[in-house]
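Please open the structure in your viewer and keep the selection panel at hand. The stops below go from the contact between chains to the inside of the model.

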Amino acid sequence: MQVTVKLFASFRTGRTPVETRDYPAGTTVADLVAEREIPVAEIGIMLVNCRHVQLECGLADGDIVAIFPLLGGG
Amino acid sequence: MSPLKAYLTGHAVDGQVGAGCQMDASLHFDLTFAEVEAAILELGLCPARYQRNRQTISCAGQLTLLRSKVVVIGCGGLGGYIIEELARLGVGRIDAIDPDVFEEHNLNRQLLATFANQGEYKVSAAARRVAELNPAVQLVPHRTAFSAANGRELLTGATVVVDALDNMTTRLELAALCRELGLPLVHGAIAGWYGQLATQLPGEDISAFLSGPGAAGKGVETRLGNPAFTPAVVASLQAAETCKVILGQGTSPAGRMLVLNLLDMEFEEIRL
């Protein structure tokens with residue numbers, strides 16, 4: 001299945017900002033995060049097709065995943 | 001017409017009343033500067049200091065701002081700019097909440113931090129600054145950290161609450177209390193070149209967008225830091241949203257979060 005992964009803000013540094021690739025059935029958001037070596041503690045908002053999801057969310061063909069870092073400063 | 005209103009009408013020039021006249025009226029009629037300002041606005045006149053707001057903020061809107069109370073939680077990078085802009089807007093009462101004193105590492109971005117005021121409480125500097133800017137605005141300093149324990153008392157009577165905190169744990173407590181009390185909350189957060197903005201109106205819940213799966217209290221700002229311009233941008237957006245919520249103008253911020261990337265000049269809207 002084809003999945004598009006969009007990374008935002010500091011997660012783009014040293015990684016491909018937007019990438020569409022084939023993934024095996026059963027792939028989750030957590031798998032995409034692990035593959036890109038994104039520290040889970042740094043993750044804020046995660047969206048699949050513009051809807052808020054958790055790490056264990058399973059993916060389907062054509063999904064667009066967006067991952068934002070946690071911004072906590074004031 | 002009362003003697004005060006006759007005095008103000010008699011001294012108005014082109015529909016405007018200057019600060020000197022407002023001060024004279026305050027002394028002559030034994031009223032506060034803010035009370036005279038309310039009388040000016042009730043007459044449909046404009047205190048001269050607001051003349052360049054022109055059609056953006058009407059006299060009626062200016063009076064609504066004067067009668068509003070905004071509670072700003074945190075007086076650091078975001079809070080300093082927010083307080084500055086709310087005072088210039090003419091929000092009648094601003095409650096500033098922060099337990100900290102200025103330190104050298106605040107100088108790169110915090111508007112109220114100066115070379116000379118290191119060691120001064122941030123809320124004290126905020127009160128002095130607002131007194132210099134606009135005598136119609138009352139800044140009430142609270143030298144304390146916001147918490148679930150004191151929050152209810154601190155938010156009493158608020159028109160709008162502004163989140164200028166620096167950690168997610170307290171942000172979630174603040175958002176929960178605002179939901180419970182039915183108060184609008186204007187959230188902002190920053191890290192490096194990046195920022196975010198969202199408004200939680202009564203009946204909404206933005207808490208899922210304020211934290212992450214790692215349940216960390218801090219975000220990537222611990223690694224990226226915060227430069228001068230990011231708090232200024234996000235704080236100004238928060239001040240604009242606060243003004244809109246108070247005046248009931250513009251497109252409702254409900255259900256939307258704006259994510260800013262100043263490095264790539266990208267602005268993303270997320271539907272909540």
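Begin by selecting the contact between the two chains of this predicted model, where 34 residues of chain B meet 21 residues of chain A. To see which parts of chain B form its side of this contact, highlight the helices α5 (77-89) and α9 (221-224) together with the strands β7 (185-191), β8 (194-200), β9 (256-261) and β10 (266-271), each of which supplies at least two residues. If you then colour the side of chain B that touches chain A by residue class, you will find 16 nonpolar, 13 polar and five charged residues.

Next, colour chain B by domain, with domain 1 covering 3-59 and domain 2 covering 68-271. The C-alpha centres of domain 1 and domain 2 of chain B lie 30 Å apart, and the contact takes four residues from domain 1 of chain B and five residues from domain 2 of chain B. On the domain 1 side of that contact in chain B, three residues are nonpolar, one is charged and none is polar.

Now turn to the largest nonpolar core, which has 98 residues, and select those with the most contacts inside it: A:I67, B:V72, B:I73, B:I82, B:I83, B:I94 and B:V162. From each of domain 1 (3-59) and domain 2 (68-271) of chain B, this core draws at least three residues. In soluble globular proteins, nonpolar side chains tend to be buried together.

Key:
Residues are numbered from 1 along each chain as its sequence is written. Chains are lettered from A and ligands numbered from 1 in the order in which they are written. This is a predicted model: local features need pLDDT of at least 70, side-chain atom pairs count only at pLDDT 80 or more; totals for chains, interfaces and linings use all residues. Two residues are in contact if their C-beta atoms, placed from the backbone, lie within 7 Å. Helices (H or I, at least four residues) and strands (E, at least two) are DSSP runs, numbered from the N terminus. Ala, Val, Leu, Ile, Met, Phe, Trp, Tyr, Cys and Pro count as nonpolar, Asp, Glu, Lys and Arg as charged, and the others, Gly among them, as polar. Domain bounds come from an automatic or database domain assignment. A nonpolar core is a set of buried Ala, Val, Leu, Ile, Met, Phe, Trp, Tyr and Cys residues joined through C-beta atoms within 7 Å. A residue is buried if 20 or more other C-beta atoms lie within 10 Å of its own, exposed if 12 or fewer, and partly exposed in between; C-beta atoms are placed from the backbone.
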